[in-house]
Amino acid sequence: MKKIFLAVAAVCLFFFVELLCINLIGQKYTPNLLLLLIIYLNLSLGIRYSLLAAVLGGVFKDSFGVYLFGFYSFAFVFSAFMTTVISKLIYQKGNPVTLFSVVFLICLLNLSLQCIISQNIHQLGLVIKIIMLPEIISTLFVTGYVFRKLKRCALRLLG
């Protein structure tokens with residue numbers, strides 16, 4: 001029960017930090033913090049907590065987004081499942097290269113799925129240059145810091 005409460009609190013915190021970043025630095029360069037939380041929960045606690053974070057984070061983003069309700073929820077749940085698959089194939093605990101590889105692939109899959117769902121596939125070159133590349137770079141840029149802080153909080157609160 002404590003892990004569920006902490007996962008819900010983390011989703012709320014990450015959503016509000018992401019909104020704050022959008023207001024401070026703009027949508028284009030804001031890292032996808034909710035996706036990083038979903039990946040972290042999947043790698044450390046398992047798929048159940050990751051799915052909880054995916055659904056809740058998706059509902060939050062759907063509530064404030066411009067797309068149909070369920071757009072972000074579906075993309076996040078898909079990303080949670082793909083994190084499980086990809087981490088079984090390439091992730092080695094304690095190896096930062098494989099961690100960044102997992103984060104890169106999940107970000108790429110998440111943004112590709114969003115591009116397909118929103119029917120922007122005909123403008124793929126523009127979407128890659130304007131949306132995908134800045135978001136993936138900014139997400140990878142903060143990955144190490146976010147994962148260190150989440151690990152520290154998890155050790156303090158759960159350990």
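This is a predicted model: local features need pLDDT of at least 70, side-chain atom pairs count only at pLDDT 80 or more; totals for chains, interfaces and linings use all residues.
The largest pocket holds about 1,000 Å³ of space. It is lined by 36 residues, and the ones closest to its centre are Y40, F147, L150, K151 and A154. The largest share comes from α6, which supplies 14 residues of the lining.

Is M132 buried or exposed? Its relative accessible area is 6%, and because buried means under 20%, M132 counts as buried. If we leave aside its neighbours within four places in sequence, M132 is in contact with L111, S112, C115 and V127. For a sense of distance, the C-alpha atoms of M132 and G94 are separated by 27 Å, and these two residues are 38 residues apart along the chain.

Next I would like to turn to the salt bridge, and the count here comes to one. It is formed by K61 and E18, whose closest N and O atoms are 2.9 Å apart. Since K61 lies in helix α3, residues 47–64, and E18 lies in helix α1, the pair ties together parts that are 43 residues apart in sequence. Both partners are on the covered side of the cut-off, because K61 has 15% relative accessibility and counts as buried, and E18, at 5%, counts as buried too. What else does E18 touch, leaving aside its neighbours within four places in sequence? Besides K61, E18 is in contact with T30, P31, N32, L33 and L34. As for L34, its C-alpha atom is 7.8 Å from that of E18, while the two residues are 16 residues apart along the chain.

Now we move to the surface, where V85, L89, I90, F104, L105 and L108 form a nonpolar patch with about 480 Å² of accessible area together. Two helices, α4 with residues 71–90 and α5 with residues 96–117, each supply at least two residues of this patch. One member to look at is L105, which lies in helix α5 and, at 32% relative accessibility, counts as partly exposed.

Leaving aside neighbours within four places in sequence, S87 is in contact with L43 and V102.

Finally, let us go to S44, which has its place in helix α2. With 39% relative accessibility, S44 counts as partly exposed. How far apart in space are S44 and K129, C-alpha to C-alpha? They are 32 Å apart, and in sequence they are 85 residues apart.

To close, I would ask you to find two places in the structure above: the largest pocket, with α6 giving the largest share of its lining, and the salt bridge between K61 and E18.

Notes: Residues are numbered from 1 along each chain as its sequence is written. Side-chain values use heavy atoms; hydrogens and water are left out. Patches are made of residues with over 30% relative accessible area and no salt bridge: like charges are joined within 9 Å, nonpolar side chains (Val, Leu, Ile, Met, Phe, Trp, Tyr) within 5 Å. Accessible areas come from the Shrake-Rupley method with a 1.4 Å probe; for residues, only the protein chains shown count as cover. A salt bridge is a side-chain nitrogen of Lys or Arg within 4 Å of a carboxyl oxygen of Asp or Glu. Helices (H or I, at least four residues) and strands (E, at least two) are DSSP runs, numbered from the N terminus. Buried means under 20% relative accessible area, exposed over 50%, partly exposed in between (1.4 Å probe, protein chains only). Contact means heavy atoms within 4.5 Å. On a 1 Å grid over the protein atoms alone, a cavity is a set of points where a 1.4 Å probe fits but cannot get out, and a pocket is an open set with protein on both sides within 12 Å along at least five of seven lines; lining residues have an atom within 4 Å of a point. Grid points are joined across faces, edges and corners, and a volume is the space filled by probe spheres set on the points.
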